[in-house]
Amino acid sequence: MDIRIFDSPDQTAAAVAQRVADALACEPSLVLGLPTGRTSIGVYEQLRELHARGRVDFARAVAFNLDEFAGIPPAHPGSFRSFMDRHLFAHVNLPPTHIHFLNGVAEDLDAECERYETAIEAAGGVDLQLLGIGSNGHIGFNEPGDELTARTHRVRLAESTRRDNAALFDGDPARVPREALSMGMGTILKAGGLILMAIGARKAHCVERALRGPISTHLPASFLQLHRRVELYLDRDAAGRLT
Ligand code: GLP
């Protein structure tokens with residue numbers, strides 16, 4: 001694993017944004033896998049700025065988001081689709097037809113997950129997958145437990161994950177949907193390259209276990225050890241337990 005440690009969250013975000021801009025300059029039709037979460041906000045802010053200065057072009061890029069809440073429509077302000085519109089899509093030249101999202105209100109959620117897998121395959125697979133890490137070690141919405149699912153699937157969210165996402169629902173964890181749809185761990189590991197970002201001391205323990213600990217379904221991020229091209233972008237606090 002290629003580990004890069006930065007002095008501040010801003011520098012970490014700027015480096016990830018530049019990495020994406022460079023990848024797009026090399027391959028304009030790059031298929032990107034995109035995350036949500038507070039960690040990604042700085043990266044999207046930097047990408048918006050790079051775009052405004054003509055330093056990144058999304059005209060031929062394709063995007064697949066990692067996950068979405070079940071039971072709320074894309075236009076709901078708490079949806080990940082709305083999050084992406086607010087923080088990135090509304091501000092850059094990524095064509096709307098190149099934006100792929102799981103639909104949390106599809107009539108048949110299992111069929112929706114299969115549709116997504118097929119769409120990813122039809123696009124030739126994800127080239128570069130950006131990832132955050134949940135405070136419980138989840139990746140996308142692949143929650144810790146006795147088993148992990150390989151393909152895109154429906155998940156029941158951990159209570160800690162509902163609390164972590166409460167900000168999207170007026171700070172009320174009870175309003176966070178109980179279920180979500182997420183790319184599976186196999187879907188994620190099939191990407192050409194993975195970039196894991198983590199910021200803050202809150203993530204240090206999980207980052208250490210993900211990198212150095214045994215591979216375990218109880219820490220989904222540890223499965224990244226199985227991928228041959230993982231880059232970690234950490235600020236000093238998130239890297240605090242790495243020696
Ligand atoms: C959500 C997303 C994850 C993301 C996580 C981290 O749970 N489903 O993909 O990694 O948030 O969130 P934050 O960056 O806010 O800590």
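Q: A polar contact is a pair of N or O atoms within 3.5 Å; within protein, one must be able to donate a hydrogen and the other to accept it, and residues adjacent in sequence count only if both atoms are side-chain atoms. What is the distance from an oxygen atom of the ligand to an N or O atom in the side chain of His 138?
A: This is a predicted model, where local features need pLDDT of at least 70, side-chain atom pairs count only at pLDDT 80 or more, and totals for chains, interfaces and linings use all residues. Residues are numbered from 1 along each chain as its sequence is written, and side-chain values use heavy atoms, leaving out hydrogens and water. The side chain of His 138 brings an N or O atom towards a ligand oxygen, and the distance is 2.9 Å.

Q: How much of the ligand's own accessible area does the protein cover?
A: On its own, the ligand has 400 Å² of accessible area (Shrake-Rupley, 1.4 Å probe). The share of this that the protein covers is 95%.

Q: Which residues are closest to the ligand?
A: The ligand is surrounded by 15 residues (a heavy atom within 4 Å). This shell divides into four nonpolar, seven polar and four charged residues. The closest are Arg 38, Thr 39, Asp 67, His 138 and Lys 203.

Q: Where does the ligand sit?
A: Start with the largest pocket, whose volume is about 500 Å³. Of the 28 residues lining this pocket, the closest to its centre are Thr 36, Gly 37, Arg 38, Thr 39 and Asn 165. The lining holds twelve nonpolar, ten polar and six charged residues. The ligand sits in the largest pocket.

Q: How much space lies in the largest cavity?
A: Its lining is made up of Val 20, Leu 32, Leu 34, Leu 47, Phe 58, Ala 63, Leu 88, Leu 94 and Leu 130. That makes nine nonpolar residues, with no polar and no charged ones. The space in the largest cavity is about 50 Å³.

Notes:
1 Å grid on protein atoms, 1.4 Å probe; cavity = no way out; pocket = protein on both sides within 12 Å on 5 of 7 lines; lining within 4 Å. Sits in = over half its atoms within 2 Å of the grid points. Nonpolar A, V, L, I, M, F, W, Y, C, P; charged D, E, K, R; others polar. Points joined across faces, edges and corners; volume = space filled by probe spheres on them.
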